[in-house]
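Please read the following briefing alongside the sequence and the coordinates. It takes the two chains in turn and groups its remarks by topic.

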Amino acid sequence: MTTRTDALVPAVPSTMRHALLDLDHVTKRYGATTALDDVSLTVSRGEMLAVVGPSGCGKSTLLRTVAGLVGVDGGRVRLAGREVAGPGVFVPPEKRGVAVVFQDLALFPHLSVAGNVAFGLGRVARRGAGERDERVAEVLDLVGLSHLSGRFPHELSGGEQQRVALARALAPRPSVVLLDEPFSHLDRGLAAHVRVEAVAVLRAADATVVLVTHDQDEALAVGDRVAVLRSGRIEQVGTPSQVFHSPASRFVATFLGEADFVPGQWDGASARTALGALPVVGNGTGPVDVMTRPHDLTVLAEGSDLAADAAAAGGAVGTVVRTEFRGGSVLHHVRLADGSLLRALAPHTLAVPSGGRVVVPAPTDHALATFDPA
Amino acid sequence: MTATPGQVTPVAGGSAGDGGRDGRRPRGHLPHVSARDGRRSWRLVVLVVAVVVVVPVALVAGSLLTPSTQVWRFLLEVGLGRMVVTTLALVACVVVGTTVLGAGLAWLVGRYRFPGQRWFSWLLVLPLAVPSYVLGFVYVGLLDHPGPVQTALRGWFGSGVWFPDVRSFWAAAVVLVMAFYPYPYLLARAALREQSATTYDAARVLGAGPLVAAWRVVLPLARPSLAAGGALVAMETLTDFATVQYFNVTTVSVGIHQVWIGMYDRAAATELAGVVLVFAVAVIALERAARGRARFHQQGGGGATLEPQRLYGRRAAMATAGCAAVLAVTFVVPVAQLVGWTSTASLRGVGGGLDSRYLGYLGNSLLVAGVVAVICVGLGVLLASASRLGGGATTRRLARAATVGYAVPGPVVAIGVLVVMAGAARLLDGLGLPLGGVLVTGTIVGLVYAYVVRFLALAWTSIDASLEKVTPSMTAAALSLGAAPRRVVRSVHLPLVRPGVGVALVLVAVDALKELPIVLLLRPFGFETLAVWVFQLASESRWQEAGLPALTIVAAALVPVVLLFRRTLAQPDEVRSAPTSPHAVAGERDRPDPGGGVLT
């Protein structure tokens, strides 16, 4: 697939990777509710930004302000250096050159696949039929649907419809492609497959992408960077590994994955906790909470040699309260001697049933995130 | 601008404003200055249509707020009090009667299987094609003293045989029940079809017997539909002043007709129209109250509706006979009698075979119907598209305001238009254009205006229902693919609403063709339509001559009834778009924000 991209890439030198989309202190209100509260973000050319947050956090509004489907009440939106929304300025959606792939795909049911893809290429009179057909063929080829160009949307499978929507969005060479939860209408297995395909197509087209989703895993898997949105405000923007491993807030920590907060005391560059001395990010004095994720921890059944070693090395002793089977591993809810609850993953071969006594060894292989005690 | 590639952390606080960057714009991309989301011109279109439609009704309402003691003294003298009592009693009787009959039939046909059940399911709406002013005169002709029934009875039992007074309040109520029961029937039928079996099953599993479950779950869930049906019937009853005049029943609407046509007293007619409007508002308020705050939307359970129960033996025979009897009395007998009268009229040569006036009046009817249908559908498409392109709750509310005419009794609309036209005439006179008088009484402008006010909702409902297929994101997708609003309407909206447009044209044309009260009040002098002709002949007891024009109207009205309901009663989903339920469109169209928002 990637061999064909040269024809699709807009004529922009690859060195010019500057901010293509720029949201500058954008605020949007609906009546009394503030959907976007002073949001600033940039997206570079060719970048994929995943915007993630719980429902009602304003992520769809963010996308709609970029597309021009709603205006802004404060701040500015710039596309390729051109102000498209701001005080006294509003460029309507049809003049923004921004493509949107909607959650329901919004394919035109009365047009064939080719008709849908050609829709954004304007009327024949303006471009010439040849050029237009060429572009349609090119994009359909990119998504691998050339053989279905005469079909109508209802004659396609969910995955194929998805690819038509993508092709239709890419055909007019938009400056930015916005994806509004485009995989959420597919069932889980198919969604993952279609997502991989879609990302490959978007990468091949060197598209600049903003993906809006409520699915943390999707955001972390797709985004070059991830922006976490909550109640209309940006909590954190960073690479997937940054936001996952060094969350800027407890909200980000818990939203992006399972997290527990172990209370402890600063001890220079480490923290003393019920799990022993833990390597942490930063240093300080006084009380501190250390974030652990289940995969950071494991359990060892008391009585084994390993458990004895771990206990000797400062591991904490606790009781399994509850287990959840997760296939290859089992999630253990463990109550420690001090009463605090932790979650730890162990391979299914080493699972300990509820009520069993376990040792949780101190995680030492990487520095853990810290938070001020709540 | 300053490009900051890569990491950008959220910047707290601070105001937007790097100042002074409003100079050059890229070519061909003139931003809409000071327009925010949405588009002014589209919203303006909706606003103008809404104003044009609402003004006549508002003027009538306004006249109530500025009452003239002289006019009211006059109205009380001519018996306003009695009219009000008669109107209230008639509306109450007809609403109760139609609801019991309509909902009962819906229950029978929807919950049980018996011979002919499938056929009756849609045949029972056929009376919709027989206007009440036709049904009324047929039964007066049949049952009145000189009619065939009483003549036969006298032949058997002697001249002293007792027969109830045909020209009476109760006879009028019965005829209106027969004419209007299909409205509650349709809505109750739709409500039963929409109810998923799971609710009923849940009640049964929780220990309720079949009757208890029906009483406590099925009926309450159907309540909004029953309320809507009752409201619709009440509006029709308030609108009618032709049928009840056969029966010498004087409602407030009859008063309007008499005061305007008999005395050309516009002030009095306006005040009376105001009284009818008060009734209409009360009906709507009652309907809202009856519907309650509950939403009655059902979750899930798609497809699985209540399983009908098979009837056997005598009970099945009774069900079949009951449905057949209703159909016979409300449709078969009247149509047969019309056919009979038409043929005897031509046999005896009354009016010399085909009355030469027939074609002329038919032409007038078709002209009005055609013009009104085209205007209504045009405005309907405009409204439906504009409320999608213009965005915003205000636009949607305005679009809905433009459909107010359907919830306002015909005489109110007619008198309101009369007031508007009179104002326009004064304005033209003031400008030195002596066309004013001609405009009011000499052309069908007023008539068409009133019909548009009255039937716009009908067109809009049907078009909007088919535009439901166009999701908001489809419009948004077309826009962000670079299509200008006009191209969105042409390339996306119109192709998808074409079926709805066809249906709307037929519905509006037929309703305009058979409409009577408005045309009686607003027709230019000497301008006759089929409906007017039927009414005049029937008022003079010339049944035979009225047969042909009445039959023509019934035949035309049968077209949409057969086309629509035969199909919709077989497809539960489309019952909502039935023309008889303007309330069905009142639902919000806002998409809820999807997504689970799982906090781990």
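## Chain-level picture

Among contacts in chain A between residues at least 6 apart in sequence, 65% join residues at least 24 apart, where two residues are in contact if their C-beta atoms, placed from the backbone, lie within 7 Å. For chain B, the share of contacts between residues at least 6 apart in sequence that join residues at least 24 apart is 83%. This is a predicted model, in which local features need pLDDT of at least 70 and side-chain atom pairs count only at pLDDT 80 or more, while totals for chains, interfaces and linings use all residues. Residues are numbered from 1 along each chain as its sequence is written, and chains are lettered from A and ligands numbered from 1 in the order in which they are written.

**Composition and burial**

- Chain A has ten helices and 20 strands, whereas the secondary structure of chain B comes to 24 helices and two strands; helices (H or I, at least four residues) and strands (E, at least two) are DSSP runs, numbered from the N terminus.
- Of the 374 residues in chain A, 52% are buried, and of the 600 residues of chain B, 46% count as buried; a residue is buried if 20 or more other C-beta atoms lie within 10 Å of its own, exposed if 12 or fewer, and partly exposed in between, with C-beta atoms placed from the backbone.
- Taken along the principal axes, the C-alpha atoms of chain A fill a box of roughly 80 × 45 × 40 Å.

**Backbone and loop sites in chain A**

- Most residues other than glycine have a negative phi.
- A:Asp38, which is not a glycine, has a positive phi of about 55 degrees; A:Asp38 is placed in strand 2 (residues 33–44) of chain A, and counts as buried because it has 21 C-beta neighbours inside 10 Å.
- A:Ser231 also has a positive phi, near 50 degrees, in a residue other than glycine; A:Ser231 lies in the loop between strand 10 (225–230) and strand 11 (233–238) of chain A, and with 16 C-beta neighbours inside 10 Å it counts as partly exposed.
- A:Arg293 is in the loop between strand 14 (287–292) and strand 15 (300–301) of chain A, and its 20 C-beta neighbours inside 10 Å make it count as buried.
- Leaving aside residues up to four places away in sequence, A:Arg293 touches A:Gly257, A:Glu258 and A:Ala259; A:Arg293 and A:Thr254, 39 residues apart in sequence, are 9.4 Å apart in space, C-alpha to C-alpha.

**Helix packing in chain B**

- The axes of helix 10 (residues 210–239) and helix 13 (residues 266–291) of chain B come within 8 Å and cross at roughly 170 degrees, the axes being lines fitted to C-alpha atoms, for helices over the stretch in contact, and angles running from 0 to 180 degrees between N-to-C directions.
- That crossing makes helix 10 of chain B roughly antiparallel to helix 13 of chain B, since angles under 35 degrees count as roughly parallel, over 145 as roughly antiparallel, 65 to 115 as roughly perpendicular and the rest as oblique.
- Among the residues that meet are B:Ala227, B:Ala231 and B:Leu238 in helix 10 of chain B, and B:Phe279, B:Val283 and B:Glu287 in helix 13 of chain B.
- By class, the contact of helix 10 with helix 13 of chain B has 13 nonpolar, one polar and three charged residues, where Ala, Val, Leu, Ile, Met, Phe, Trp, Tyr, Cys and Pro count as nonpolar, Asp, Glu, Lys and Arg as charged, and the others, Gly among them, as polar.
- In helix 12 of chain B, the buried residues include B:Val252, B:Ile256 and B:Trp260, and the buried residues of this helix pack against helix 3 (80–111), helix 10, helix 11 (243–246), helix 13, helix 17 (410–430) and helix 22 (517–522) of chain B.

**Helix geometry in chain B**

- Helix 12 (residues 252–263) of chain B has twelve residues and reaches 16 Å from its first C-alpha to its last, close to the 16 Å expected at 1.5 Å a residue, the expected span being 1.5 Å times one less than the number of residues.
- B:Tyr264, whose phi is positive, near 50 degrees, follows helix 12 of chain B.
- Helix 21 (residues 485–514) of chain B has 30 residues, but its end C-alpha atoms are only 37 Å apart, short of the 44 Å that a straight helix would reach at 1.5 Å a residue.
- Helix 21 of chain B bends by about 55 degrees at B:Arg498, and a proline, B:Pro499, follows within four residues; the bend at a residue is the angle between axes fitted to the seven residues ending there and the seven starting there.
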